[in-house]
Amino acid sequence: MSITTATAYSSFLTVAASAGTGKTHLLVSRLLRLLLQGERPGAMLAITFTRKAAAEMHARLLDRLRTLALLDDAALDKTLGELDLDLNAEHRARARTLFETLLHHDNQVKTATFHAFCQDLLRRFPLEADVPPGFELVERTRPLQDAAWEAFTLELTQAAETPIAQAMDELLHLVGYANTQSFLNQFLNYRSDWWAYTSHTAEPVKYASAQLQQQLKVDLEQDLSQGFLHNTQVRDELQQFSALLNTHQTKTNLTHAQIIDNVLNTNLIQETHIAQLWSCFFTSSDEPRSRKASGAQQKALGTTGEQRLLELHDKLCSDLIMLRQHLHAQLTLRLSQHWFRCGARYLAHFQRIKRELRVLDFSDLEWQTYQLLNKSDNAQWVQYKLDERIDHILIDEFQDTNPTQWQLILPLLQEIASSHEPVRQRSVLLVGDGKQSIYRFRRAEPRLFNAASEWLQAHLSAQGLALTKSWRSAP
């Protein structure tokens, strides 16, 4: 669909735009059209994902305004028509003077990144957001991370008998120092997800552990290896299987029968015994051993004996697979509980150090803005103040939005949806393309574009537009 149609300039619109189809041109055209209609420059908020893209959008807007001021009457009327504007004296006069007017305007069109928007908001409402007034933004967090690691390890050294120190010892024992540090640094990198998951509870570690245990359906107090090998039916089946192997006396069968007998005759069952048993039924690549009918086997066991051997093999393989899955689930739960406990404490040191230095990082900007607009005691008042200021929201590259960014922008959309001022023009434009999502390492979630489109359609009767004509391709 062409961007010169009225649909492209409807008040509430979502645009699926592939690379090279003119989405930046559309964004700038909507800003230009709003300005020509007399909308306040400061009432427009255009958000994109990089400073370079924000600067380019602003530069292209100024360039098109400068071009408008220099066009002859015929060319100007053609441009106004492409913007779906009436060809009247008011629009013509405004087009001639808008470039100079905007250059001298106190409140410019705001083209910014999500982080710049968050930073501006937190600087305006530091007390309401519970951030240090006059905070500094730190982009390189590695020195702070190193300081937090040093403080965390010092705490463990000074209090070696505490639960947190014991959890760390268990992690080191299970996965080694390098993996432990890597896992805990990942916890720090995904702290926004941790906060979103646990912010509603006073005991985050306990809550996260309980939720995971419920999902895995395991109990750490239960000794699964003991339970398996003390099960009467399992022991009987293993004894039958061993006896059949001893009857068909190949070297492999005798070896496996001996292993099974040794395990069954052991009083203190350990996981190593399960591993020994596993080797009797599975290859080194954890595939079930190939046991099938053969002449020699049938001669040694008889038809009934051979059938029973194959049945027991299949049955015990299934039982061992189930046991291993439960043992792995137990290990996952145990590792995760230690990871939650140590990660939360490491994160606490990281946040404390930043607060002492009166600095915030990018994750803080997003999370504190989300909290300010959704969870703080002053959320509704801050939303009201923003709603007074912002009439038009445009978001580019929406496929790179993460869940926190969506949740912090949603209150602004909700305010627009609840507005009942007939003389006040409001608009929203979201542009995205799931194929171009490149910020997954920053928690980008391409599916949010569809969720946001559905929300706008349901609450603001938004229209959808797909730009499919590439301007970068030859005919």
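A pocket is an open set of points on a 1 Å grid over the protein atoms alone, with protein on both sides within 12 Å along at least five of seven lines, and its lining residues have an atom within 4 Å of a point. The views below come from a predicted model, in which local features need pLDDT of at least 70, side-chain atom pairs count only at pLDDT 80 or more, and totals for chains, interfaces and linings use all residues. Residues are numbered from 1 along each chain as its sequence is written, and side-chain values use heavy atoms, with hydrogens and water left out.

**View 1. The second largest pocket is lined by 23 residues.** K23, T24, A53, D396 and E397 lie nearest its centre. The volume of this pocket is about 460 Å³, taken as the space filled by probe spheres set on grid points that are joined across faces, edges and corners. Helices α1 (23-36) and α2 (51-70) each supply at least two lining residues, and α2 gives the most, with five. Helices here are DSSP runs of H or I with at least four residues, strands are E runs with at least two, and both are numbered from the N terminus. The lining has six nonpolar, nine polar and eight charged residues. In this scheme Ala, Val, Leu, Ile, Met, Phe, Trp, Tyr, Cys and Pro count as nonpolar, Asp, Glu, Lys and Arg as charged, and the others, Gly among them, as polar.

**View 2. S10 lies in the segment before β1 (12-17).** S10 counts as buried because its relative accessibility is 12%, and buried means under 20% relative accessible area (1.4 Å probe, protein chains only). Leaving aside residues up to four places away in sequence, S10 touches R30 and Q463; contact means heavy atoms within 4.5 Å.

**View 3. Helices α17 (residues 362-374) and α19 (residues 403-418) pack at an angle of about 35°.** Their axes are 9 Å apart. Axes are lines fitted to C-alpha atoms over the stretch in contact, and angles run from 0 to 180 degrees between N-to-C directions. On the α17 side, E366, W367, T369, Y370, L373 and N374 meet T404, Q405, Q407, L408 and P411 of α19. These residues divide into five nonpolar, five polar and one charged.

**View 4. The largest cavity is lined by Q383, L386, D387, I390, I393, L412, I416 and R426.** A cavity is a set of grid points where a 1.4 Å probe fits but cannot get out. The volume of the largest cavity is about 50 Å³. Helix α18 (379-389) and α19 each supply at least two lining residues, with the largest share, three residues, from α18.

Definitions and conventions: Buried < 20%, exposed > 50% of the residue type's maximum accessible area, 1.4 Å probe, protein only.
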